[in-house]
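Here's a quick tour of a model, written for someone who likes cut-offs spelled out. Have the viewer open as you read.

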Amino acid sequence: MARNIQSLERAAAMLRLLAGGERRLGLSDIASSLGLAKGTAHGILRTLQQEGFVEQDDASGRYQLGAELLRLGTTYLDVHELRARALVWTDDLARSSGESVYLGVLHQQGVLIVHHVFRPDDSRQVLEIGAMQPLHSTALGKVLSAYDPVAHSEALESERKAFTDRTVCDPDGFEHILDLTRARGYAADVEETWEGVAAVAAPIHDRRRMPVGAVGITGAVERLRRDGELRPELIAAVRDCARAVSRDLGAGRF
Amino acid sequence: MTDAHTAGPFIAAIDQGTTSSRCIVFDRDGRIVSVDQKEHEQIFPKPGWVEHDATEIWTNVQEVVAGAVEKAGITRDDIKAIGITNQRETTVLWDRNTGEPVHNAIVWQDTRTDALCRELGRNVGQDRFRRETGLPLASYFAGPKARWLLDNVDGLKERAEAGDILFGTMDTWVIWNLTGGTDGGRHVTDVTNASRTMLMNLHTMQWDERIAESIGVPAAMLPEIRSSAEVYGEIKGGRLGELLGGIPVASALGDQQAALFGQTCFAEGETKSTYGTGTFMVMNTGDKIINSYSGLLTTVGYQIGDQKPVYALEGSIAVTGSLVQWMRDQMGLISTAAEIETLALSVEDNGGAYFVPAFSGLFAPYWRSDARGVIAGLTRYVTKAHLARAVLEATAWQTREIADAMTKDSGVELAALKVDGGMTSNNLLMQTLSDFLDAPVVRPMVAETTCLGAAYAAGLAVGFWNSTDDLRANWRRAAEWTPRMDAETRDREYKSWLKAVERTMGWLEDEE
């Protein structure tokens with residue numbers, strides 16, 4: 001059996017001690033309660049403080065639980081906040097790629113479309129906000145499965161239906177695609193969900209590098225591919241957009 | 001794929017706004033190449049008073065123009081023209097010999113001219129000049145603000161009568177400085193800005209001497225009224241003279257009119273609505289000056305060069321985005337503005353609750369200053385989620401009321417509504433809007449319609465774009481919401497809303 005890591009155990013004990021009531025504790029109280037040398041206790045407290053789990057009162061020098069600890073349990077990114085932040089970047093992606101843009105998040109066993117920008121031609125199009133897409137075959141779904149562990153297990157546990165001859169359904173093949181997605185930083189769907197339709201998507205991360213969604217373009221396979229390959233400038237445009245939205249999320253508070 | 005904006009030439013647009021000044025460089029497709037922005041100080045000397053330091057604004061304008069050009073990595077040869085859009089009605093007076101403002105600019109929101117406006121109404125009331133100017137006597141407009149300055153700055157009246165003082169809205173101030181200032185700067189304004197002074201006659205498109213005299217503004221200090229899209233002069237002197245000297249200054253449009261232009265509402269009946277803190281809805285009425293009997297403003301939409309002017313009807317809603325902010329900051333029911341949609345979507349409907357945010361009275365089409373806000377239809381069933389729905393529905397119903405007023409005045413049915421502004425990211429609001437209007441709601445691909453409008457007008461003036469058809473071809477639909485609500489439900493809900501509106505009236509007593 002693997003040995004436990006002593007400093008982590010001590011850090012956990014400190015957090016429990018500080019959580020034991022509405023109180024602030026001094027260094028010597030903490031050290032003596034846990035039977036630690038002051039220097040050892042101080043080192044651990046300083047690390048916890050840097051991570052935001054512990055805060056030190058300026059006046060008294062006493063320690064209390066930090067705001068980051070509260071944030072850990074409660075924060076998630078509101079999908080409508082995600083849409084608001086993505087709006088300008090996704091407009092620009094549609095404009096530069098000439099294709100329609102979708103923004104998706106994990107919802108139950110699939111991808112929920114939370115934002116959709118029309119292809120910039122004059123054709124009649126219907127807003128698809130609120131629609132669901134499969135995790136295992138779409139570019140958005142593959143990105144979420146590759147980066148979000150919850151999406152990954154949902155995709156593995158769900159029935160992976162073959163929509164076309166090209167849909168990858170077996171677990172090994174699917175895992176291989178996810179490895180490839182992580183290595184390249186984007187996922188593709190070339191006629192794996194709909195005949196004649198291709199898509200490229202990339203991950204959106206929040207300020208703590210957590211995957212919060214995926215953004216991608218979808219269009220006719222003839223337009224997205226050239227000489228049998230997805231056009232590299234389209235892939236670059238999708239990844240630029242995903243990075244820009246991620247940057248925007250990192251800049252603000254949520 | 002139209003990739004990186006390597007290929008010029010470009011058009012620059014200045015947006016001199018209420019809280020900040022911005023400059024955006026656009027390419028021929030109307031795509032944004034670079035942006036620079038700087039906020040300026042809001043000065044509140046007394047309750048109800050709002051001022052800006054016009055010198056600070058001019059410094060910021062120079063900085064953001066230089067900043068945007070630098071970020072785009074281009075030079076004066078790449079820029080074909082520069083256009084201007086601006087906060088409307090904000091008024092500055094300055095000395096033509098020194099270029100120094102004689103006082104801080106008085107901002108459109110400033111209410112210090114309330115009493116003056118009542119006095120100017122004499123026995124006729126606030127519609128005394130409406131037939132000529134299209135506007136009611138209200139504290140927003142520039143003419144009475146200029147009169148206040150003449151009355152309250154020592155010796156100013158004499159200097160003005162001697163011809164040493166110049167009047168301007170922010171377009172005039174920026175253009176005069178851009179084109180050389182004391183060294184031959186052009187003292188001009190455009191028809192849209194002039195239409196917000198209460199001094200211009202909509203029928204002649206010239207200063208109305210009788211009204212100027214009644215308000216007490218000497219004609220000598222007024223700028224020349226020009227079209228919205230023509231070359232007023234060239235950039236000359238100062239910091240920008242070195243960087244961009246010789247570039248034509250080729251458009252001016254008030255911000256809401258610029259948004260109308262940027263949304264390419266060039267045909268009669270086409271309407272745009274900008275959803276921000278408040279909401280401004282403007283309908284193109286073609287060559288018709290429509291007198292409003294429903295409390296809307298009659299104004300100039302735009303005028304391109306020596307073509308005929310295009311008129312517009314305008315209605316504003318005081319509280320829209322700010323109601324969502326109120327739910328966040330004062331009620332604490334949500335932590336970000338976007339969360340209002342999440343909360344509202346957790347229920348199917350408003351649960352019977354209606355929220356009329358008449359925080360400072362009812363505006364168009366009612367104009368009742370004795371009204372105050374009401375949440376009606378409360379039962380124990382109602383949750384905060386139902387109130388979130390009611391908040392979004394309030395914006396949609398108020399839009400419907402203005403749309404109805406526009407139809408009543410103009411006889412033109414709203415075929416579709418073009419929307420822009422921050423609240424267009426709220427999908428539920430946009431769908432509700434379409435449901436309540438029973439018309440499609442369309443969002444364009446360029447969010448910066450105000451700056452784009454100024455760029456378009458400047459580009460037309462110098463032949464960068466050939467016609468409004470070119471500009472229409474640039475317009476791209478990013479999203480469209482179509483009505484899904486059945487007529488019976490809509491009518492029933494509208495009736496309930498109107499009942500709630502009635503409940504707000506007469507709350508304040510002893511109103512004048």
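Gln325(B) lies in helix α11 of chain B; helices here (H or I, at least four residues) and strands (E, at least two) are DSSP runs, numbered from the N terminus. A heads-up before going on: this is a predicted model, where local features need pLDDT of at least 70, side-chain atom pairs count only at pLDDT 80 or more, and totals for chains, interfaces and linings use all residues. As for bookkeeping, residues are numbered from 1 along each chain as its sequence is written, chains are lettered from A and ligands numbered from 1 in the order in which they are written, and side-chain values use heavy atoms, with hydrogens and water left out.

Gln325(B) is partly exposed, at a relative accessible area of 34%. The labels work like this: buried is under 20% relative accessible area, exposed is over 50%, and partly exposed is in between (1.4 Å probe, protein chains only). Skipping neighbours within four places in sequence, Gln325(B) is in contact (heavy atoms within 4.5 Å) with Thr277(B) and Gln330(B). Gly321(B) is also found in helix α11, which covers residues 321-329 of chain B. Gly321(B) counts as buried because its relative accessibility is 10%. With the neighbours within four places in sequence set aside, Gly321(B) is in contact with Gly276(B), Thr277(B) and Met423(B).

## The annotated sites

UniProt, in an unreviewed entry, places a "binding site" feature at Thr18(B), Thr19(B), Ser20(B), Thr277(B), Gly321(B), Gln325(B) and Gly422(B). UniProt positions are given in the numbering used here, feature names are shortened, and annotations may be inferred rather than shown by experiment. Is Gly422(B) buried or exposed? Gly422(B) is exposed, with a relative accessible area of 58%, and its place is in the loop between β21 (417-420) and α14 (427-437) of chain B. Ser20(B), in contrast, counts as buried at 8% relative accessibility. Ser20(B) is found in strand β2 (residues 20-26) of chain B, and beyond its neighbours within four places in sequence it is in contact with Asp15(B), Gln37(B), Lys38(B), Glu39(B) and His40(B).

Another "binding site" listing from UniProt (unreviewed entry) gives Thr18(B), Arg22(B), Thr277(B), Gly321(B), Gly422(B) and Asn426(B). These residues span 409 residues in sequence and the farthest two C-alpha atoms are 24.9 Å apart, so they do not all gather at one spot.

## The seven-stranded sheet

Seven strands of chain B make an open sheet with mixed pairing, in the order β17-β18-β16-β15-β21-β22-β23. The edges are β17 (297-302) and β23 (477-481) of chain B, each pairing on one side only. Two strands pair if DSSP finds at least two bridges between them. Strand β22 (residues 441-444) of chain B is joined to β23(B) by four bridges, and the two run antiparallel. Val442(B) stands opposite Glu480(B) in β23(B).

Pro440(B) is found in the loop between α14 and β22 of chain B, and is partly exposed at 22% relative accessible area. Pro440(B) and Pro483(B) are 43 residues apart in sequence and 6.5 Å apart in space, C-alpha to C-alpha.

## Helix α15

Twelve of the 13 residues of α15(B) are buried, so this helix is largely enclosed by the rest of the structure. The buried ones include Cys451(B), Leu452(B) and Tyr456(B). After α15(B) comes Gly463(B), whose phi is positive, near 80°.
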